[in-house]
Amino acid sequence: MTPKRKRKLTIILGLVSLAAVAVGLTLYALRANINLFFSPIQIAAGDAPFERQIRAGGMVKEGTVSRNPDSLDVEFVVTDYVEDLEVRYSGILPDLFREGQGVVVVGELQPSGEFRADQVLARHDENYMPPEVAEALEDAGYSPADFKTEGSESDSAKSEDS
Amino acid sequence: MWAFIHKLGSPKWFYGISQRLQPWFWVVALVLIAVGTVWGLAFAPADYQQGNSFRIIYVHVPSAFLAQSIFVTMAVAGVIFMVWKIKIADMAAAVMAPLGAAMTFISLFSGAVWGVPTWGTWWMWDARLTSMLILLFLYLGVIALRGAFASRDSASRAASVLAMVGVINIPIIKYSVDWWYTLHQPASFTLTERPAMPTEMWLPLLIMVVGFYCFFIAVTLLRTRTEILRREANKRWVRELAGEAN
């Protein structure tokens, strides 16, 4: 490599790494805004504002979904298995909504600690499975959730500091 | 090794070798994409939760892979052009930008179509979706920059710099689902880990991914050849080639 080319390569690498550091610091500073939702832990710690449009996310706690038979009103608890958040919603739920499923709820947190949702979005994990396999697992007394890779549990560890 | 790389930098030699390589990539790409499409859409099992909408994965994941790989390739070609002044690297970078933009669009669009039945929304400003949208804008920026300069050399240099700096977005896309809370789930199919699905689901996906990559190589070879003829139109060997054809 000629000295001139070497100098050019150094300049390019220098500029790109400077830009990378700048972007990295910006993203780090904005991490609270980049996170799509508050976890129940963060809400319990008082990180989320009241009566402003926010999003909260977690798992629908098993056995907590109660529907009003005369309307579309539904109540359920969103949990990260440490803290719980009570959610009230009136409207159509996505097909993937069920107990034990990940959800993101959009709405306002009330001072009473209850969350009034305008929209419920379902999350799903990265584990795909044919229905027969899922059925066979359930027949054998397992839940498909028991066979998840470690990656799917990582959500709870994310950005506790934000 | 160095002699081979040197030869590869010569447009004339590249024109010759790409002519021989190109048909193979077309055949392999078309066969794999045809097999993968039929297998994925008709024979692979549906998902236990999502049912048939899961099959969008067979288009969504390969196009998202390609969108990111093409950008990295473009950035590497940009470095080669800027440091070693190898023109063919710039020609290749110029012709792959529109394909990369198209792949980014396909992955965003198929993701939106997939999002409606599963998540309940077609768009959400989460880190993965937003960084992918930024990638689309970076591609459009690269394409626009190439057209914005009167001199080709300035255009090439500006586009190369944007590609090199823009490549910072690629690790952000990849790790966005790990670093932040997102609506998008973590990766289910990576080069380094066992796929999070059974073989009869990931095998057609792998076939599609390899097919898409072959398609990318075939398109790039074809378009680079055209670009060579366009840019080297005054060179003797191109004129002789044209003379022969007439």
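For chain B, an unreviewed UniProt entry lists residues 21–44, 64–84, 91–117, 129–149, 161–181 and 201–222 under "transmembrane region". The structure in which these spans can be examined is a predicted model. Two of the spans may be considered in turn.

Helix α6 of chain B covers residues 152–166, which is 15 residues; at 1.5 Å a residue it should span 21 Å, and because its end C-alpha atoms are 21 Å apart, the expectation and the model agree.

Which residues of α6(B) are buried? They are Ser156(B), Ala159(B), Ser160(B), Leu162(B), Ala163(B), Met164(B) and Gly166(B). The cover over these buried residues includes α3 (57–84), α4 (87–118), α5 (127–148) and α7 (169–179) of chain B, together with α1 (3–29) of chain A. In a helix, residues three or four places apart point the same way, because an α-helix has 3.6 residues a turn.

The contact between the chains involves 39 residues of chain A and 35 residues of chain B. On the side of chain B that touches chain A, α3, α4 and α6 of chain B each contribute at least two residues. The most comes from α3(B), which gives 4 residues. Sorted by class, this side of chain B comprises 24 nonpolar, 8 polar and 3 charged residues.

How values were computed: Residues are numbered from 1 along each chain as its sequence is written. Chains are lettered from A and ligands numbered from 1 in the order in which they are written. This is a predicted model: local features need pLDDT of at least 70, side-chain atom pairs count only at pLDDT 80 or more; totals for chains, interfaces and linings use all residues. UniProt positions are given in the numbering used here, feature names are shortened, and annotations may be inferred rather than shown by experiment. The expected span of a helix is 1.5 Å times one less than its number of residues. A residue is buried if 20 or more other C-beta atoms lie within 10 Å of its own, exposed if 12 or fewer, and partly exposed in between; C-beta atoms are placed from the backbone. Two residues are in contact if their C-beta atoms, placed from the backbone, lie within 7 Å. Ala, Val, Leu, Ile, Met, Phe, Trp, Tyr, Cys and Pro count as nonpolar, Asp, Glu, Lys and Arg as charged, and the others, Gly among them, as polar.
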